[in-house]
Amino acid sequence: MEVGILRFGGYVPQSRLQRAEILKAHGWFNPGLRGLAKGERAMANWDEDPITMAFEASRDCLAGRDRDDISALYMASTSFPFLDRQNAGVVASALDLGSGVQTIDLASSQRAGTSALSVALKTAASGDGPILVAASEKRRAKAASPLEMTSGDGAAALLVGTGDLAAKLIGAHTETTDFVDHFRSEESEYDYTWEERWVRDEGYMKIVPSAVSALLEKTGVAASDISRFCFPAANVRVAGGIAKALGIAPEAVADTLQATCGEAGTAHALILLVHALESAKPGDRILVASFGQGCDALLFEATEAVANGKGASGVSGHLARRFAETNYAKFQSFNGLVTMERGIRSEIDKNTGLSTHHRNVAMTQGFVGGKCTKCGTNQFPKSNICVNPNCNAVGTQVDEPFADKAAQVNSYTADQLTYSPNPPNYFGMIQFEGGGRLLSDFTDVFADSKIEVGMPMKMMFRVKDYDEARGFRRYFWKAAPRA
Amino acid sequence: MASGIKDKVAILGMGCSKFGERWGDNADDLMVEAYTEALEDSGIETSQIEMAWLGTAIEEQHVGKSAVPLAMALRLQYIPVTRVENYCASGTEAFRGAVYAVASGACDIALALGVEKLKDTGYGGLPQRSRGSVADLVWANASAPGSFAQLATAYSAKHGVPAEDLKRAMAHISVKSHDNGARNPKAHLRNRIDEDKVMNAPMIAEPLGLFDCCGVSDGSACAIVTTPEIARSMGKTDLVTVKALQLAVSNGTEAQHNSWDGSYFKTTRAAAQRAYKEAGIAKPRDQISMFEVHDCFSITELVTMEDLFISPEGGAVKDIMDGFYDADGKVPCQIDGGLKCFGHPIGASGLRMLYEMYLQMQGRAGERQRSQEPVFGMTHNLGGFPHQNVSSVTIVGKEGA
């Protein structure tokens, strides 16, 4: 059976740190950063991590589509929040996918994203149900490093399988080699990187063209027939150089999104692929390749129905939803690069009882509430006794999903007193379309947001608390302004 | 068929510590300070107290659990002692226990004492604490000011009050309370302030500024209650009796059902209606002589004027700006300075409110004494959050009124 991409989506955090601000802080120390200090990089909010971003990309990808037939969720990252507690499983619980789904984490390489896609396509070709592939990254970088400049936080998600394809897989090829351009081990806090010139000359320029050539030969497609070449390297001359070496037209080289997003690690190849699909015409041949101890190369052809595969906002929609952040100190604080005096209020124990967590996971991560089958009232949380004062029926509620309900502000405040990593903490009473409400934390409120009663909001999946004492974090949902 | 509490119980004596930053005193010292005054006021001895209730809400900050701390501090004589907690209504809750014990005939003389020592946290404001294991997973990250600030935007939107006008009415409330607190030697804050100072104060939780929020402080207050017959037999005259003692607790409707618009307290309205019925008061605006409300935040006081049916719905701002609630207004509110000037040692506040009503009824309020002789005094003592809370309404007055 023909296999390929059914749906594609992405997520980029709203805040974009101006690289000029990073340079202001570090230019005295490393004047070499000047060359990288153009444009902006995506900066995750304090309450975002690869799990939350993978969820948002997945939700974007699946918008409006039934989820019952999804057979697996593969999540790729090199910055997983958990090293032993399945990250894909958390994303699956937030997507409310049910227990019969094969969740797998893929890690340890900057090509884990494309590898996940490649394996998913192979597996889904059997026709046993589409597979959701999510790649998500929030790379840690040392202050004043080039990586800090060139990285960006973000995620992409693709649903692959058989049936109504938006893009069919023409072929794939992988080369594996233990080329260590950089590494991070169990003992390291940060990446250790070798000389850029060597990485380019011996790594990118030798390994990638070899893999892509093999793919083109295997599929019988000429380099000149490639409409879009997606290669995620931050240094744009690398993609251009590889294209030239292969005979791919220079105008086919995809914008690396370095100026507007930054390189999102193992997610970035898929972010570029999704971005390319969003503007693809039927018949376009899109080649995506990645680099990390070898190279994965995949070739797709957009079908007549390629536009039907687009997610709710996509990479382009999320890129457009933007706030220009000029406070580099805030970035440092959010990324643990500086020790902040957080005050005694921050000392409260954020412990989560794991038995309590498990029993309530549909509520906390799935955002599932209740609907009373007697009077029809939607309520959050789901409870034993209906909250409707004219009903109060016992044991009548069924599961009611709240994650995608439209919401609006009933009341709000900006709380300067409570401890928050990003003060003030905005929160307020949110009312849901169709019934139900929640006194909810808000997120993604920026200096130019004007919060007011009645304004439309959407619910987003975020970190609720970091338990620094134990190395845990718990997730919940927060209201964000809905543009 | 129950007939309510009216005139079944009289206040025999009351005491109140100095409220403030009592760095040199433990909770025990505060309890004994309030208690010795109440004992002297009542004319009885410890051995005559048959049952006692202790109100304290954040016990982990000071005395710890159970009612044992009260029995030990006061050397109560192996009598039944109960600790109660109902958020910030804990003081009134202690009073309820003592009053019902006497009204039921279970005992002749009962004690209610509230205490809280909050100034040992090492920082300003109420301590951050767990809300419960499940609640911690889903509750918003909210301070008390942030939670009550919700009322402001909802009230403005509902009644079409511009934010500036609301802020000015809130400022008037705080200025008025400080004018009253200036005349109260037991209050923590005794400085006078002006509207501009309040309007321009640093923001705590929009739109509440520093002077829209009561402070945290240390304090204790206590009441000794008995039947009117026993009080008279001890030579007491001009008895102050309990006319109504009502409580209402949220059941989730405000938090989970869209029937509540966020601009008022469902609980206060329910408790007030029952309280007026219990006390036989048909026209509260005309009949209530003075009252204390839970002015943890100025906006709480503002909406409570309507929730107690003294101002008409939407009419609180006008009444406030007209001075209706000022010390020299028609129905003074917080004539002792309120939570704003006393601060809010949680377990003590409900009893501190009653203390002022009691003094006023007896003509013993010194500089603050209302020249027009009060007949009915009311206290409103509320705890929790606008969307889920405990609201108590207590009415005391001249016996027979």
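I worked from a predicted model, in which local features need pLDDT of at least 70 and side-chain atom pairs count only at pLDDT 80 or more, while totals for chains, interfaces and linings use all residues. Residues are numbered from 1 along each chain as its sequence is written, and chains are lettered from A and ligands numbered from 1 in the order in which they are written.

Chain A. I looked up the secondary structure and found 12 helices and 22 strands, taken as DSSP runs numbered from the N terminus (helices H or I, at least four residues; strands E, at least two). I then noted that the C-alpha atoms of chain A fill a box of roughly 70 × 60 × 40 Å along the principal axes. For burial, I found that 52% of the 483 residues of chain A count as buried, which requires 20 or more other C-beta atoms, placed from the backbone, within 10 Å of the residue's own.

Chain B. I turned to helix H5(B), residues 144–159, and helix H12(B), residues 298–307, whose axes come within 8 Å and cross at roughly 55 degrees; the axes are lines fitted to C-alpha atoms over the stretch in contact, with angles from 0 to 180 degrees between N-to-C directions. I recorded the contact residues as Phe148(B), Ala149(B), Leu151(B), Ala152(B) and Tyr155(B) on H5(B), with Ile299(B), Thr300(B) and Val303(B) on H12(B), contact meaning C-beta atoms, placed from the backbone, within 7 Å. By class I noted 7 nonpolar, 1 polar and no charged residues, where Ala, Val, Leu, Ile, Met, Phe, Trp, Tyr, Cys and Pro count as nonpolar, Asp, Glu, Lys and Arg as charged, and the others, Gly among them, as polar.

How values were computed: A residue is buried if 20 or more other C-beta atoms lie within 10 Å of its own, exposed if 12 or fewer, and partly exposed in between; C-beta atoms are placed from the backbone. Two residues are in contact if their C-beta atoms, placed from the backbone, lie within 7 Å.
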